[in-house]
Amino acid sequence: MQKNIRNFSIIAHIDHGKSTLADRIIQECGAVTDREMSSQMMDTMDIEQERGITIKAQSVRLKYMKDGQEYVLNLIDTPGHVDFSYEVSRSLASSEGALLIVDSTQGVEAQTIANVYIALDNDLELLPVVNKIDLPSADPMRVLEETEEAIGLDCTEHNLISAKTGLGVKELIDSIVDRIPAPTGDENAPTKALIYDSWFDNYLGALALVRVYDGSIKKGQVLKMMNTKVEHPVLDLMYPHPIKREKTTEIKTGEIGIVVLGLKTLDGIAVGDTMTDAKNPTSEIIDGFEPAKPFVFAGIYPIETDKFEDLREALIKLQLNDSSISFEPESSAALGSGFRTGFLGMLHMEVIKERLEREFNLDLIATAPTVVYEVEKTDGERVIIQNPSELPEPNYIQTIFEPYVKATILVPDEFLGNVIKLLNDKRGIQNKMDYLGKRVLLEYDIPMNEIVMDFYDKLKSTTKGYASFDYEPVGFRPGNLKKLDVRVAGEVVDALSIIVPEEKAVSRGREFIKALKELIPRQLFEVSVQASIGNTIIARETVKSMGKNVTAKCYGGDITRKRKLLEKQKAGKKRMKAIGKVNVPQEAFMAVLKI
Ligand SMILES: Nc1nc2c(ncn2[C@@H]2O[C@H](COP(=O)(O)OP(=O)(O)OP(=O)(O)O)[C@@H](O)[C@H]2O)c(=O)[nH]1
């Protein structure tokens, strides 16, 4: 029954315990036996488990008895990392309420605040939950006060829990039933459902995870996707579950479920689209979401040039599961044929590169990531630049526009000076500075390019790890920018070009060249490494020659030793790309991130 359904998400700053709590709630509802309960069940992807992060939002349908009535609880897990905030908004749009988890030993963090904004935009009922109260350093009352102050949320009614020991979790589920509203919606109206996730299953084909707002979806019914206009009969219906999905014949108003359409690609089922009955369609399209836009672009190249087609196939397969990646072929004079690939952020890029290498057995070179620039040319034409080497010649450029983000940072006041210095260094513009007890909440506008570089690492190290950070894009602004080229042994290496602010060009060029000098291994001859803007050389270093052959060390004697040494050398070469006569290692292409 609709009045007994509760759809909710869990939102929190990274590591405050979302996944642990999700597992505990699933266990408390008896949806898995103890034996099935592997630790962290909601994090299913390999890389998620290894890195302890949640990437793809998962959902699970649970049953719960309270006061003699059966309730259906639909729990929608959300990712915790800033790169994936897009998935957070998708999850939240399908819920009526959210548990706002705050770690009782840490307090409110930047992402807690950012996620609360998204939840409030979606009119969600927020339940304040203070976690990790089993720890000796827990200070739940201070954390509740801070939550009230930072967010303006009334925390009189709250739950204190330990997701680890299970303390307070049953009471929390009771609060979910009591405080989160049941979904509204007309069960007699024409079918209206929102696709909030879709992915590709090797056996079942394209799957859509939907939230039904009006009417229902039945097996055999012919559905129509209102934006893509694709029509298809429903082959099967299932309720989501991390290990055993349950089949059903109908997904009713207010429920969530998985629709099996048997389509061979995901093209027709776009996330954010409205599903309706093909014969008796609804008149309104649900306000969908903006499609996930890649913000960071990098060139990805196979080390062995004959692996280009394999890389293309691998990217096509990954895209089936992650529609936020984009790619198109590009060629680089230095690296050969590869793909310009778009990602949501740096972590996303690392994860995808790792999956390509691991799941598809490819050896890849990735160029330094860059943001997208918009260039207004002198003839008035506007072009989008995803690769610095594509920047038009200076005399054709009227203005370069670069993307900015609104950054939210929370930092203990003792580190405030360091953080402000870092933000100024990164061309940040202050919008807001508020004291929150002994901590300071900062809001800055910063060019996104500065964030893509190692901003997060620098922020962490300058605050001993105490600062937290979140960001959202706020559009393009004009910048005084120049293209900086790198020449190795006299040749411009297109894959190493970067776009830099003019006032920092010389200092960054010098640092970049210094870093490259350390990374390019000695060759049999001397190699010059230079940075230039246009035709002006602004920095120069020399990689000295190696002088002698490595095998010379073997005194001509032991042949097995000699072979071993050569093999070792070969393995070392794996991650190198020959540019002209010079072997350049993967690290060199990332060196720019460290300057
Ligand atoms: N002592 C204690 N540790 C907890 C509790 N809840 C979670 N943890 C630990 O805190 C760490 C982070 O927990 P996760 O559940 O992975 O955090 P998360 O918020 O899901 O992190 P992401 O999925 O990466 O966003 C893990 O080491 C958990 O074991 C708790 O109640 N008490």
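According to UniProt, in an unreviewed entry, the feature "binding site" covers Asp 15, His 16, Gly 17, Lys 18, Ser 19, Thr 20, Asn 131, Lys 132, Ile 133 and Asp 134. Lys 18 is found in helix 1, which spans residues 18–28. Because 25 other C-beta atoms lie within 10 Å of its own, Lys 18 is classed as buried. Asp 134 belongs to the loop that connects strand 5 (125–131) with helix 5 (140–151). With 15 other C-beta atoms within 10 Å, Asp 134 is partly exposed; the cut-off for a buried residue is 20 or more. When residues up to four places away in sequence are left out, Asp 134 touches Ser 162, Lys 164, Thr 165 and Leu 167.

The confidence of the prediction was examined next. The mean pLDDT of the chain is 84, and 86% of the residues reach 70 or more. Among the elements of the chain, the highest mean pLDDT, 97, belongs to helix 6 (residues 169–179), and the lowest, 54, to helix 2 (residues 46–51). In residues 52–57 the pLDDT is below 50, and this stretch has 25 contacts in the model beyond near neighbours in sequence. The pLDDT is also below 50 over residues 551–557, a stretch with six contacts in the model beyond near neighbours in sequence.

An open sheet is formed by six strands in the order 2-3-1-4-5-6, with mixed pairing. The edges of this sheet are strand 2 (59–66) and strand 6 (159–160); each has a single partner strand, so one side of each is left without a neighbour in the sheet.

Strand 1 (residues 5–12) runs parallel to strand 3 (residues 69–76), and five bridges join the two. Along this pairing, Ile 5 stands opposite Val 72 of strand 3, and Ser 9 has Ile 76 of strand 3 as its bridge partner. Strand 1 also pairs with strand 4 in the parallel sense, again over five bridges. In strand 4, Ser 9 has Ala 98 as its bridge partner.

The burial of strand 1 was then considered. Eight of the eight residues of strand 1 are buried. In a regular strand, side chains alternate between the two faces of the sheet. In strand 1, Ile 5, Asn 7, Ser 9 and Ile 11 lie on one side, while Arg 6, Phe 8, Ile 10 and Ala 12 lie on the other, and both faces are covered.

Helix 1, the element that contains Lys 18, lies across strand 1, strand 2, strand 3, strand 4 (97–103) and strand 5. The angle between helix 1 and strand 1 is about 155 degrees. Helix 1 also packs with helix 6, at an angle of about 85 degrees and with the axes 10 Å apart. Since angles of 65 to 115 degrees count as roughly perpendicular, helix 1 is roughly perpendicular to helix 6. On the side of helix 1 the contact is made by Arg 24, Ile 25 and Glu 28, and on the side of helix 6 by Val 169, Lys 170 and Ile 173.

Strand 28 (residues 481–488) pairs with strand 31 (residues 527–533) in the antiparallel sense, over four bridges. In this pairing, Arg 487 stands opposite Gln 530 of strand 31. Strand 31 is also antiparallel to strand 32 (residues 536–543), to which seven bridges join it. Here Val 529 stands opposite Glu 541 of strand 32. Strand 31 and strand 32 form a hairpin with two residues between them, and Gly 534 in the turn has a positive phi of about 60 degrees.

Lys 293 lies in the loop between strand 16 (274–277) and strand 17 (296–302). This residue counts as exposed, because it has 12 C-beta neighbours inside 10 Å and the cut-off for an exposed residue is 12 or fewer. Lys 293 and Pro 521 are 228 residues apart in sequence, and their C-alpha atoms are 38 Å apart in space.

Terms used: Residues numbered from 1 in each chain as written. Predicted model: local features only at pLDDT ≥ 70, side-chain atom pairs only at ≥ 80, totals over all residues. UniProt positions renumbered as here; feature names shortened; annotations may be inferred. Contact = placed C-beta atoms within 7 Å. pLDDT = per-residue confidence, 0-100. Pairing = 2+ DSSP bridges. Axes fitted to C-alpha atoms, helices over the stretch in contact; angles between N-to-C directions. Parallel < 35°, antiparallel > 145°, perpendicular 65-115°, else oblique.
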